[in-house]
Amino acid sequence: MLTPALPAVFADFESVFPRTGKALELACGSGAAAVWLAMRGLDVHGVDVSDVAIEQARLIARQSGVAMRCRFDSVDLDLGLPPGDAVDLLLCHRFRDRRLDGAVIGRLAPGGLLAICALREVGSAPGRFRVRPGELRTAFAALEVVAAGASDKQEWLLARASPATAT
Ligand SMILES: C[S@@+](CC[C@H](N)C(=O)[O-])C[C@H]1O[C@@H](n2cnc3c(N)ncnc32)[C@H](O)[C@@H]1O
């Protein structure tokens, strides 16, 4: 069985990830991260265009005893984000679609965390799913940066929506 796990790039920041509330994972693949989040206590919605990956994710959720906190759907993100409530965590690991940036920001609940990581164009051919250096910070400048980094291969960002302001 695929082991549920937070993507390694975020491992040093595990404590920043919420333990309660709602999470959305875009392009969740076989669900290792989504199931890890559910085991942590979140109610998770994972979406991916691959029916095979979604079936695998549902299986891992059942085997991990967290199926009741997981929903996995086949969704083509070319058509936009699936409808849903604001989330406390939005995770997107190794998938990139610039057209979704505004909707991603808009989906975060006040104080909600975005965790995003994408492969870089540097050292490889430009591609639709790859980021240019500094692209994530620029794309999500409306959010407050918690941490960010880059390696030869990838670029990542943890950033928060503004907390709710008392009226
Ligand atoms: C490199 S994998 C990353 C999977 C997972 N996030 C992980 O880190 O293991 C990219 C994922 O994007 C999904 N994907 C590609 N195009 C998509 C689309 N238009 N809508 C939804 N998912 C898509 C693929 O099916 C694949 O699972």
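Helices (H or I, at least four residues) and strands (E, at least two) are DSSP runs, numbered from the N terminus. This is a predicted model, in which local features need pLDDT of at least 70, side-chain atom pairs count only at pLDDT 80 or more, and totals for chains, interfaces and linings use all residues. Residues are numbered from 1 along each chain as its sequence is written, and side-chain values use heavy atoms, with hydrogens and water left out.

**Ligand site**

The ligand is surrounded by 14 residues, counted as near if a heavy atom lies within 4 Å of it. Ala-27, Asp-48, Asp-76, Leu-77 and His-93 are the closest. The table gives polar contacts (pairs of N or O atoms within 3.5 Å).

| Residue | Protein atom | Ligand atom | Distance |
|---|---|---|---|
| Ala-27 | backbone N or O | nitrogen | 2.7 Å |
| Leu-77 | backbone N or O | nitrogen | 2.8 Å |
| Asp-76 | polar side-chain atom | nitrogen | 2.9 Å |

Alone, the ligand exposes 590 Å², and the protein buries 68% of that. Areas follow the Shrake-Rupley method with a 1.4 Å probe. Six nonpolar, three polar and five charged residues form the shell; in this scheme Asp, Glu, Lys and Arg count as charged, and Gly counts as polar. Domain 1 (21–81) and domain 2 (86–167) each give the shell at least three residues. Their bounds come from an automatic or database assignment.

**Cavity**

The whole structure holds one cavity of 30 Å³ or more. The largest cavity has about 60 Å³ of space, the volume filled by probe spheres set on the points. Strand S4 (87–93), helix H3 (101–107) and strand S5 (108–119) each supply at least two lining residues. The lining includes Leu-90, Cys-92, Val-104, Ile-116 and Phe-140. Eight of its residues are nonpolar, none polar and three charged.

**Pocket**

A pocket is an open set with protein on both sides within 12 Å along at least five of seven lines. The largest pocket has a volume of about 190 Å³. Strands S1 (22–26) and S2 (43–48) each give its lining at least two residues. Among the lining residues are Lys-22, Asp-43, His-45, Arg-71 and Arg-107. The lining divides into five nonpolar, two polar and five charged residues.

Note on methods: Polar contact = N/O pair within 3.5 Å; in protein donor to acceptor, adjacent residues only side chain to side chain. 1 Å grid on protein atoms, 1.4 Å probe; cavity = no way out; pocket = protein on both sides within 12 Å on 5 of 7 lines; lining within 4 Å.
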